[in-house]
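Dear colleague,

Please find the structure below, followed by a short account of what was found in it.

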Amino acid sequence: MEQSAEGVKRVFLDTFGCQMNDNDSERILGFLKNINYTRTSKPTDADLIILNTCSVRDKAEQKVYSALGRFKDLKDERPGLILCVAGCVAQQEGEKLLKRAPYLDLVFGPQNIHRLPDLIGEISKKRGRLVAVEQSASIDESEYGLSSASDKRAFVSIMRGCDNFCAYCIVPYTRGREVSRRSADIIDEVSRLAEGGVKEVTLLGQNVNSYGVGGAEVSFPELLRLVARIDGIRRVRFITSHPKDISVGLIRLFGEEPKLARHIHLPVQSGSDRVLKAMGRGYTASHYASKARLIKSLHPDIAVTTDIIVGFPGETEDEFEETIALLRDLRFDNIFSFMYSPRPLTKAAAFDGQVPADVRSKRLQRLQDAQRQITLERSRELVGKRVEVLLEGAPKPGECEFSGRTSCNRIVRFSHDGALPDSIVEVVVTEAYPNSLRAEFPVHGK
Ligand code: 5AD
Ligand code: SF4
């Protein structure tokens, strides 16, 4: 492809949505680095602008259209600028996006990231407009392994796609069928990250508990053991578990493998059996509760977090109350809660009984009010306890405020004058706030 006089070009990359997209953005930057692009935080300086998009809810999708509108003028001012849409909206809309935004140069889906250098080459030569949204049934390893993570923490994709087709969810359409990467390739990638200084790795998949089903040589708990064994890796996390597939074997592994972080994200979505059935989740509320209780009884220090959707089609006031009752019963450490949003292609978008927006919004408010108190109470239970913190970044010059995350995934801040002995330190929690903890270092009276 054509290069500027200095040979280096600049990319502005904006990421919307989930950790899967964050990981895809790292991979996009990895491929672009190979063809001499460096990242810029200013769109006005960029030769290439990429919006890595999310379509899981309508609001996320609309954000992309307003962002695109803002870049139109820039494109008019700088004819050489290449403007791209990546991610789930790209996959979902394809060609339609080019029609909707005539100034857009490239639309590419999550399975076409590795083609980016070629696609950009073609666009710069011919000034054509391209769409790359093909999906394949197998994983081509050249799609992975180029992650450009430069932090102590990194995400590694262990599989892609989802075969669950929950009635509300667009992911099986945008991310395609479930396929696992080979364990040896995952181990290679994590080993390279560890050599580069990464201490904590999060294994990513839409449904990690079905890793390897129908192909890979090891089960998910075995993969976790292999990753935990890698020199330099001090903590291993994973998201997302599906309550119908999480096994007793995996829950027991937390007692055997000290590097496993003390946190499980286990999306319940609703506390009503009728709603869960209509969603196609494959478990009842009491089935879910018994798994959550098993986790807490075997490992009381593990934080359990969840996702909840309010206002799913047909959800009655009583069914919503069952969700509130489940929150109060299980006392989650935190929840991510969403108003139901009808998505194209999904079954639930055609269901009777769509709940009006004002009712959905009120239910969300009530749910969040109930959880706010529980989250604070759970935080307060940590006061006085010793916790290990993996540091994130260093204090600003002239300041002495450190921050990091506990193994149970809470943000902790503490002051210390001077350097710290290690990237993981033990602190004592002194205060609890709704979204973070305050701690003391060093720990006295050992
Ligand atoms: N509407 C609202 N929330 C949704 N989620 C997925 N699809 C939808 C939708 N159509 C939520 C689920 C999932 C999380 C990532 O996003 O709670 O676990
Ligand atoms: Fe969507 Fe359900 Fe798959 Fe999760 S398990 S990605 S909610 S279809």
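**Helix packing, ligand shell and domains**

Helix 7 passes helix 8 in a right-handed crossing, a crossing being right-handed if the near helix is turned clockwise from the far one by less than a right angle, and left-handed if anticlockwise. This is a predicted model, in which local features need pLDDT of at least 70 and side-chain atom pairs count only at pLDDT 80 or more, while totals for chains, interfaces and linings use all residues. Residues are numbered from 1 along each chain as its sequence is written, chains are lettered from A and ligands numbered from 1 in the order in which they are written, and side-chain values use heavy atoms, without hydrogens and water.

The axes of helix 7 (residues 183–195) and helix 8 (residues 220–228) come within 10 Å and cross at roughly 30 degrees. Axes are lines fitted to C-alpha atoms, for helices over the stretch in contact, with angles from 0 to 180 degrees between N-to-C directions; helices are DSSP runs (H or I, at least four residues) numbered from the N terminus. The two helices are therefore roughly parallel to each other (angles under 35 degrees). Ser183, Ile186, Ile187 and Val190 of helix 7 meet Leu223, Leu226 and Val227 of helix 8 (heavy atoms within 4.5 Å).

Ligand 2 is surrounded by residues including Cys162, Phe165, Tyr168, His242 and Arg281 (a heavy atom within 4 Å).

The domain assignment, automatic or from a database, gives domain 1 (9–132), domain 2 (149–261), domain 3 (264–381) and domain 4 (386–440). The centres of domain 3 and domain 4, taken over C-alpha atoms, are separated by 31 Å; their contact takes eight residues from domain 3 and six residues from domain 4.

With kind regards

Technical notes. Angles under 35 degrees count as roughly parallel, over 145 as roughly antiparallel, 65 to 115 as roughly perpendicular and the rest as oblique.
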